[in-house]
Amino acid sequence: MAKIDPATILWRDRLLATNNARTARSRIFQHTQVPEVWSEIETDLPGAGSVRVGGKVGQRHELLMEAINFHAIKTRRLENGVLAVLVDMHDLRKTLSGERKERYGVDGVLKLARALRQVTVSGQDIPFVDGILNHLIPTSTTTPQPIPGRPPRPLWRAEFTACWATWLDADPVHLHYDPRLLAGIRSGVAAAVTRLVLTHRDQPRGGWILDSLIRTVVGAEPTRWVRQDVRADSEAMAAAGVIVVGNRVSVVQKTGGVASLPATVAPLPGA
């Protein structure tokens, strides 16, 4: 895949925001790429109060969510509150693969989607138990193949649950970046730190303290091995506009970039 200049794509207008601050800052998506352990957290859902979110989803699953949003061709809100998104499976596969040698096939994408479908969101003040993604299915709508002579391929429809659509609507801080820039990050902690940093409009003088960021996304004290994993991904993080130098992390400063989000966001503790 060709190298992408972050300065040229961070604020491209999209039908949907790639992500939002609440999702990127919560620990719904665990700090490993593909978790093996079910996790449950308590958080707030606007209009529904305190909820418990359970699942076995990580940074690779969040990348799929971002890819669906970023590559949305058409969107439609159904009467039951479900958000339907028309997307090209080819775009999802390319985004998830990034520049890795291994390529995602349709089965690999659907495996991630099934884990998203199994996420549960429940609470005392909501009359339903709901998740994130209801369906990712092919449609009768087609798009031409880039290779002449091949039959057109179907577009796919992703359906986000009414609960998740409400969650997205209520967050005022929408993040517009190209998720392909994060696909090359191998460490789940490094990916979670990158997404967390990208939610901030401003940064402290000299940047954030790496240990504070790791502590926030992991929920525990950082170890030497975790620090090494994050630093080993510094080049891939830099491609997404997040710079790691020693024990400091900063955002590439540019006009209209991620360091200038259009809403005030509270600073991280311990910065």
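Select helix α5, residues 106–117. Helices here are DSSP runs of H or I with at least four residues, strands are runs of E with at least two, and both are numbered from the N terminus. The expected span of a helix is 1.5 Å times one less than its number of residues, so the 12 residues of α5 should span 16 Å, and the end C-alpha atoms are 16 Å apart, which agrees. This is a predicted model, in which local features need pLDDT of at least 70 and side-chain atom pairs count only at pLDDT 80 or more, while totals for chains, interfaces and linings use all residues. Residues are numbered from 1 along each chain as its sequence is written, and side-chain values use heavy atoms, with hydrogens and water left out.

Stay on α5 and colour its buried residues: Val109, Leu110, Leu112, Ala113, Ala115 and Leu116. Buried means under 20% relative accessible area, exposed means over 50%, and partly exposed lies in between (1.4 Å probe, protein chains only). What covers these residues? The cover includes α3 (59–70), α4 (89–97), β7 and β8. An α-helix has 3.6 residues a turn, so residues three or four places apart point the same way.

Next, select the sheet. It is an open sheet of four strands in the order β4-β5-β8-β7, with antiparallel pairing; two strands pair if DSSP finds at least two bridges between them. The edge strands, each pairing on one side only, are β4 (74–77) and β7. Neighbouring strands are turned by 20 degrees against each other on average, direction ignored. Helix α3 packs on the sheet and touches β5 and β8, and its direction makes about 115 degrees with that of β8. Contact means heavy atoms within 4.5 Å. Axes are lines fitted to C-alpha atoms, for helices over the stretch in contact, and angles run from 0 to 180 degrees between N-to-C directions.

Now select strand β8, residues 153–160. Six of its eight residues are buried, so β8 is largely enclosed by the rest of the structure. Which strands does β8 pair with?

- Strand β5 (residues 83–87) runs antiparallel to β8 and is joined to it by five bridges. Show Val87, whose bridge partner in β8 is Trp156.
- Strand β7 (residues 133–143) pairs with β8 over seven bridges, in the antiparallel sense. Show Thr143, whose bridge partner in β8 is Arg153, then Leu136, which stands opposite Ala158 in β8.

Move on to helix α8 (residues 210–218) and helix α9 (residues 224–232). Two packed helices are described by the angle between their axes and the distance between the axes. Here the angle is about 105 degrees and the axes are 11 Å apart. That makes α8 roughly perpendicular to α9 (under 35 degrees is roughly parallel, over 145 roughly antiparallel, 65 to 115 roughly perpendicular and the rest oblique). Leu210, Asp211 and Ile214 in α8 meet Val226, Arg227, Val230 and Arg231 in α9.

Then select Val189, in helix α7 (residues 188–197). Is Val189 buried or exposed? At 8% relative accessibility, Val189 counts as buried. Leaving aside neighbours within four places in sequence, Val189 is in contact with His31, Ile214, Val217, Val218, Val226 and Val230. Val189 and Arg227 are 38 residues apart in sequence, and their C-alpha atoms are 9.1 Å apart.

Finally, show the whole chain. The secondary structure comes to 10 helices and 12 strands. Of the 271 residues, 50% count as buried.
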